[in-house]
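My notes follow the structure.

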Amino acid sequence: MSRKATIKDIAKIVGVTPATVSNVLNGNNRFSEDTKKRILAAAKQLNYTPNMFARALVKNRSYTIGLFIPASPRAFLDPYFSELLRGLTEIALEHGYVVSIIYADGLNETVRNRIDGLVLTEVKVKDEYVSFFQRANVPFVSLARGAENELEDYVVSDTRRGLEEAIKYLARLGHRRIGYALGPLAYEYVYERYSIFRDIQRKMGLICEATDVGTGENSRQGGRMAARRIMRAASEKPTAILASTDVMALGVIEYLQSIGMSVPEDVSVVGFDDAPFSRYVTPPIATVRHDIYQLGRHAASMLISKLEGRDYTKPIILPVKFIVRGSISSPR
């Protein structure tokens, strides 16, 4: 078995001291760009990997960042989390960190012993966990604006732009009455998407009565329940339904098909997220695409910069795009 490369090996190749190599690999920016590039190139050439355990002992840090999920592990049935974790983990590993999934159970132990900082998901409008982390001085980056807690360190998508594109497209097709499959309003992203939908709908003079809104959990079953409530309550049915997420949109489509309705001929359906499955179901789901993978990458970069005392841009608002697919058409 070949010997594992050390910082001394890198120092010998580059012609600098081991201390310089160590400083550069640990993010010290006081060295020239040429020196940093040569050290990083030599580290790559030698397949150098740092001794994480030794580094943690020396610096009294775990070099672990947590993806905090207050809900149950069933959250990972939503493909959103796999894409988010992929982006988060890639950046973490590039900077010598590992990622741990953190649930609300055992939170005090987590904060004391196991993590250097957190990326917060599933943030609620009034969120006790955000307040807890603020009081405990735990470094974190949020994937919601956190208006109630006056957050600054967050990474979000341009929700308004995406919903404007979607609703204007439906209006150009001739849709005037648009329903909404609404997830749990306690969550900030659900509240924000619905509030923006209602604001755009009012400004454009479109119809959305109280009976055109159905509620459910953020799941396929929740989407089916929301669609059932809409179609049973409304005397005049909407010709299109927006859903809080693609997962709910899939449930909406399944319910409509189960009662003999055709999508999009009878009702058009639009989701949000551009989850990987959305292009493969029948019909493929029109959706507001935001890059969940990039959300994870930017959140990790912001948190690591915060932990290491480097300057960083805050907040970050990522672009979105409305993706037209087979689940929408002109109304009959």
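**Cavity and rings**

I sorted the lining of the largest cavity by class and got 10 nonpolar, 6 polar and 7 charged residues. Here Ala, Val, Leu, Ile, Met, Phe, Trp, Tyr, Cys and Pro count as nonpolar, Asp, Glu, Lys and Arg as charged, and the others, Gly among them, as polar.

I noted that the model is predicted, that local features need pLDDT of at least 70 and side-chain atom pairs pLDDT 80 or more, while totals for chains, interfaces and linings use all residues. Residues are numbered from 1 along each chain as its sequence is written, and side-chain values use heavy atoms, with hydrogens and water left out.

I then looked up the cavity count, which is 1 at 30 Å³ or more. A cavity is a set of points on a 1 Å grid over the protein atoms alone where a 1.4 Å probe fits but cannot get out, and lining residues have an atom within 4 Å of a point. Grid points are joined across faces, edges and corners, and the volume is the space filled by probe spheres set on them. The largest cavity holds about 330 Å³.

Which residues lie nearest the centre of the largest cavity? I found Tyr-80, Leu-143, Tyr-189, Arg-193 and His-290, out of 23 lining residues. Helix H5 (79-94), strand E5 (155-157) and helix H9 (188-203) each supply at least two residues of this lining, and H9 gives the most, with 4. Helices (H or I, at least four residues) and strands (E, at least two) are DSSP runs, numbered from the N terminus.

Next I turned to the rings and found 11 aromatic pairs. Rings of Phe, Tyr and Trp (its six-membered ring) pair if their centres lie within 6.5 Å; planes under 30 degrees apart are stacked, over 60 edge-to-face, the rest tilted. Tyr-180 and Tyr-194 are tilted, because their planes stand at 55°, with ring centres 5.2 Å apart. This pair links distant parts of the chain, strand E6 (residues 178-182) and helix H9, 14 residues apart. Both Tyr-180 and Tyr-194 are buried (under 20% relative accessible area, 1.4 Å probe, protein chains only).

I also noted one aromatic cluster, formed by Phe-68, Tyr-129, Phe-132, Phe-133 and Phe-140.

Last, I looked for charges over rings (NZ of Lys or CZ of Arg within 6 Å of the ring centre and within 35 degrees of the ring normal). Lys-306 lies over the face of Phe-140, 5.5 Å from the ring centre. The charged end of Arg-193 sits over the ring of Phe-272, 3.8 Å from its centre.

How values were computed
On a 1 Å grid over the protein atoms alone, a cavity is a set of points where a 1.4 Å probe fits but cannot get out, and a pocket is an open set with protein on both sides within 12 Å along at least five of seven lines; lining residues have an atom within 4 Å of a point. Buried means under 20% relative accessible area, exposed over 50%, partly exposed in between (1.4 Å probe, protein chains only).
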